[in-house]
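Me: Got a model open here and I'd like to talk it through. Can you help me read it?

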Amino acid sequence: MMQANLQARAERAARARAALLATGAVIVAVTAFLRTTDTSATAEGVGWILLMAAWSIVLATGGGLALSGQMRALLNDELSIANRGRAITWGFFASLAAATVVLLAAPHVAIDLAGGVRIVTAAGLAVAMLRYALLEWR
Amino acid sequence: MAEGLYNRLRALRAERDLTQAALAEAVGVSRKTINTVENGVFVPSTTLALKLARALGCPVEDIFSLEGIE
């Protein structure tokens, strides 16, 4: 019974993580477009870097650092790790696509370096997070 | 489903009257992982395949085989 409870709790935690990552993907995507000036050397720029770092850590580790070892092992079993790999592949290609769009748009739209970097990194991270959330949810 | 890979995990588990959760617990993975293996959505690692065989008390070839090679 206790084992079944652990499995049930792990499933609920996995769903919660998927919901969190989907929400995080939206936050990352929206935040990338909220900037109006060159923020590369400002507090907002540092905040952006911290935001990206935090979500990258969640994506890379599977999160749940406060959970027990047994629970973390279930949450990050080989299916979950494989799903992360697939999601990060999607993120990589999304970054390439975003970089291409920025490159093509540059002659027509004023995009500074910091803005371009934000778009490229946000696209990669948000797509990877969303893809991982979908794979974990189904 | 992985092309050419056939598995009898669901049938063997049922023969032993095990739930997906019980088998998952025995091999240290989530119930979802067992479910995706049974449905052919996920191909497990060699390590997990061997753990499944040990938990079910049968050779790994009884669980997984290449289609057309019995």
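Me: How many residues of chain A are in contact with chain B?
Reply: This is a predicted model, and in it 14 residues of chain A are in contact with 14 residues of chain B.

Me: And how much area do chain A and chain B bury between them?
Reply: About 1,200 Å², with 50% of it on carbon and sulfur atoms. On the chain A side, A:Gln7, A:Glu78 and A:Leu79 lose the most area to chain B, and together they make up 48% of what that side buries.

Me: What's the salt bridge count between chain A and chain B?
Reply: The count is 1. The side chain of B:Arg31 meets that of A:Glu11 in a salt bridge, at 2.4 Å from N to O.

Me: Which helices of chain A supply at least two residues of the side that touches chain B?
Reply: Those are α1 (2–32), α3 (69–75), α4 (78–105) and α5 (113–137) of chain A. The largest share, 4 residues, comes from α1(A). If you sort the side of chain A that touches chain B by class, you get 6 nonpolar, 3 polar and 5 charged residues.

Me: Switching topic: where is A:Arg17 found?
Reply: A:Arg17 is in helix α1 of chain A.

Me: Why does A:Arg17 count as buried?
Reply: Because its relative accessibility is 7%, and buried means under 20%.

Me: What does A:Arg17 touch, not counting residues up to four places away in sequence?
Reply: A:Arg17 touches A:Gly62, A:Leu75, A:Asn76, A:Ser80, A:Arg84, A:Tyr132 and A:Glu136. Take A:Gly62: it sits 45 residues from A:Arg17 along the chain, and their C-alpha atoms are separated by 8.2 Å. As for A:Leu75, its backbone oxygen lies 2.9 Å from a polar atom of the A:Arg17 side chain.

Me: Which ones are the buried residues of α2(B)?
Reply: B:Gln20, B:Ala21, B:Leu23, B:Ala24, B:Glu25 and B:Val27.

Technical notes
Residues are numbered from 1 along each chain as its sequence is written. Chains are lettered from A and ligands numbered from 1 in the order in which they are written. This is a predicted model: local features need pLDDT of at least 70, side-chain atom pairs count only at pLDDT 80 or more; totals for chains, interfaces and linings use all residues. Side-chain values use heavy atoms; hydrogens and water are left out. Buried means under 20% relative accessible area, exposed over 50%, partly exposed in between (1.4 Å probe, protein chains only). Contact means heavy atoms within 4.5 Å. Buried area is the accessible area (1.4 Å probe) that two parts lose on being put together, summed over both. A salt bridge is a side-chain nitrogen of Lys or Arg within 4 Å of a carboxyl oxygen of Asp or Glu. Ala, Val, Leu, Ile, Met, Phe, Trp, Tyr, Cys and Pro count as nonpolar, Asp, Glu, Lys and Arg as charged, and the others, Gly among them, as polar. A polar contact is a pair of N or O atoms within 3.5 Å; within protein, one must be able to donate a hydrogen and the other to accept it, and residues adjacent in sequence count only if both atoms are side-chain atoms.
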